[in-house]
Structure formats: C-alpha cells, structure tokens
Amino acid sequence: QVQLLESGGGLVQAGGSLRLSCAASGSTFGISTMGWYRQAPEMQRELVATVSRGGSTNYADSVKGRFTTSRDNAKNTVFLQMNNLKPEDTAVYYCYAWAGINYWGKGTLVTVSS
C-alpha cells in the first residue's frame, strides 16, 4: 500500500504562482511514475503532468510552459510548480503514483481568482 499526502494548495490571483508537494509513504519501493491530475467542478479528472523515476516528464497542452513537475526519489516526493496561473486552472489537484496499480492522494484545492 502507498499513501500520498498533498500540500500547498490555496487561493491565488491570476498571474500568480503556487507550488504543490506530495509525499509518498508506505510501500514506496514499487513506485515508478508519479504525477498530478486535476478535477474542476462538474468536469472529468484530467492529466496535468507526470514524471518518471528517471525524470522524464509529460504535460497537458494547457499547462505546458507554465507548470513544471519534478521529484525527489530519495524523499519519495513529487512537486508541481505552477506559474502564471489562470482562473481555468481552478480545480482540486490530485497526486498520483503508479506502483502496479494507481494510488491517489485526497487532493488539494487550488483557486485562481481573476
């Protein structure tokens, strides 16, 4: 079992920045890809960014050039640096880890005001 705990969400004005963190605990030795998804009200959960154990990244087109994901394998932690935030980035952001099955955090709310 893997437990994921996100932190760093909050309220920010458009154009501002936030940094999300997600710490994994439990059976972390099996984790390969980690990343972030988000879900806005009445919308489906969507991919934001992923990062492999080796550091390869993948981003949704909507966040390319604004968001950066990274990870610290020694600390089993993944980060999401979000710059130039837009109101349409408002959502609950979920940390995710793949360790044979998908594991999810409980989510952290990011609200971007116009």
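A: Start with burial. Buried means under 20% relative accessible area, exposed means over 50%, and partly exposed lies in between, with a 1.4 Å probe and protein chains only. Arg-38 has 6% relative accessibility, so Arg-38 counts as buried. Keep in mind that this is a predicted model: local features need pLDDT of at least 70, side-chain atom pairs count only at pLDDT 80 or more, and totals for chains, interfaces and linings use all residues. Residues are numbered from 1 along each chain as its sequence is written, and side-chain values use heavy atoms, with hydrogens and water left out.

Q: With which residue does Arg-38 form a salt bridge at 2.7 Å?

A: First the rule. A salt bridge is a side-chain nitrogen of Lys or Arg within 4 Å of a carboxyl oxygen of Asp or Glu. Here the partner of Arg-38 is Glu-46, with 2.7 Å between the closest N and O atoms. Glu-46 is partly exposed, at a relative accessible area of 36%.

Q: Which side chain meets Arg-38 in a salt bridge at 2.9 Å, N to O?

A: That is the side chain of Asp-89. Asp-89 lies in the loop between strand 8 (77-82) and strand 9, while Arg-38 is in strand 4, so the pair ties together parts 51 residues apart in sequence. Strands here are DSSP runs (E, at least two residues), numbered from the N terminus; helices are runs of H or I, at least four residues. Asp-89 is buried, with a relative accessible area of 1%.

Q: How many salt bridges are there by this rule?

A: The count comes to four. Arg-38, Glu-46, Arg-66 and Asp-89 are linked in a network of salt bridges. Another salt bridge joins the side chains of Asp-61 and Lys-64, at 3.1 Å, N to O. Asp-61 is exposed, at 63% relative accessibility. Lys-64 is partly exposed, with a relative accessible area of 49%.

Q: How do I read a pair of aromatic rings?

A: A pair of aromatic rings is described by the distance of the centres and the angle of the planes. Rings of Phe, Tyr and Trp (its six-membered ring) pair if their centres lie within 6.5 Å; planes under 30 degrees apart count as stacked, over 60 as edge-to-face, and the rest as tilted. This structure holds three aromatic pairs. Take Tyr-37 and Tyr-96: the ring centres are 5.4 Å apart and the planes are at 75°, so this pair is edge-to-face. The pair links distant parts of the chain, with Tyr-37 in strand 4 (residues 34-39) and Tyr-96 in strand 9 (residues 91-98), 59 residues apart.

Q: Are Tyr-37 and Tyr-96 buried or partly exposed?

A: Tyr-37 is partly exposed, with a relative accessible area of 22%. Tyr-96 is buried, at 10%.

Q: How far apart are the ring centres of Tyr-37 and Trp-104?

A: They are 5.1 Å apart, and the planes are at 80°, so this pair is edge-to-face. Trp-104 lies in strand 10 (residues 102-104) and Tyr-37 in strand 4, so the pair ties together parts 67 residues apart in sequence. Trp-104 is partly exposed, with a relative accessible area of 36%. Tyr-37, Tyr-96 and Trp-104 form one aromatic cluster.

Q: What lies over the face of Trp-104?

A: A charge sits over a ring if NZ of Lys or CZ of Arg is within 6 Å of the ring centre and within 35 degrees of the ring normal. Arg-45 lies over the face of Trp-104, at 4.7 Å from the ring centre. Arg-19 lies over the face of Phe-79, at 4.4 Å.

Q: And disulfides?

A: A disulfide is a covalent bond between the sulfur atoms of two cysteines. The search counts a pair of cysteine sulfur atoms within 2.5 Å. In the whole structure it finds one disulfide. Cys-22 is joined to Cys-95, S to S 2.0 Å. The torsion about their S-S bond is about -80°, so the disulfide is left-handed. This pair links distant parts of the chain: Cys-22 is in strand 3 (residues 18-26) and Cys-95 in strand 9, 73 residues apart. Both Cys-22 and Cys-95 are buried.
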